[in-house]
Amino acid sequence: MSVPLSVEVDEVDDVRVSLTARESFRFHHGGPDVEAEEQLRMMLEDFILKSARDVHRSGYVTLSREGYELVVDPSMSVITNYSTAHKERTWEQVKAGVLSRFGHKSRESTGPAPERGPDLPARVVLATLNPGAAFLSSRTLTAFSKLHGLRDLDDASLEVDIRAALAVAKADGELGAADRVAVVAILHGGFTWLVSKDAQVVVGVRRSRASD
């Protein structure tokens, strides 16, 4: 069924992830809460671009693709549930398996994910962010390696490069203008760093957009 969605790929960082969706992801695949939230947002990015869609009477929308399903609320602002027929693999692992034939690599997050702390004002996030110790999500590592042509660099060296770039962004960057629900945007050198509102997790990095 062709169903237009009222959310764009560049708005996914503002979409909330419900406790039910996170717990369902962790039931199927394990891992920490922060990783579940990150993986579900990355899935939504892909499913906005391509997925089968079914609208329930209640207005909730089910997005499905290759045995994976996301349920989004009628306002398209919350991922409310997740299910899959493939407990042995996450969507990102499926993508990594396909892309590996072309020499791409999916990176793993750095170290154990921290317990989520309280949300901080954007300027406090910028001041508090520790480039040398912040948790780097797999999304950050994968995106940075693609953006800078570093796909063949080993994970340890890539992490060093990311933390060095993040330190410069913290020192010389500026806060994004958008008031985001889930993350704080730090702009520097044509790139946007997305940091959790507790200043502990670098959620992602991408080229800056006008909406930032």
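Predicted model: local features only at pLDDT ≥ 70, side-chain atom pairs only at ≥ 80, totals over all residues.
Trainee: Which residue in the turn between β9 and β10 has a positive phi?

Mentor: The two strands form a hairpin, with 4 residues between them. The turn residue whose phi is positive, at about 70°, is alanine 199.

Trainee: Which residue of β10 does phenylalanine 135 stand opposite?

Mentor: Strand β6, residues 135-136, is joined to β10 by 2 bridges, and these two strands run parallel. In β10, the residue that stands opposite phenylalanine 135 is valine 201.

Trainee: Why is strand β10 described as largely enclosed by the rest of the structure?

Mentor: A residue is taken as buried when its relative accessible area is under 20%. Strand β10 spans residues 201-207, and it is largely enclosed because the number of its 7 residues that are buried is 6.

Trainee: Which element gives the most residues to the largest nonpolar core?

Mentor: This core has 23 residues, and among those that touch the most other members are Leu40, Leu70 and Ile79. The elements that give two or more residues to it include α1, β3 and β5. The element that gives the most, with 6 residues, is α2.

Trainee: How many residues are in the second, separate core?

Mentor: Its members include Val125 and Leu136, together with Phe191 and Val195. The number of residues in this second core is 20.

Conventions. Residues numbered from 1 in each chain as written. Heavy atoms only, no water. Buried < 20%, exposed > 50% of the residue type's maximum accessible area, 1.4 Å probe, protein only. Pairing = 2+ DSSP bridges. Core = buried A, V, L, I, M, F, W, Y, C linked by side-chain atoms within 4.5 Å.
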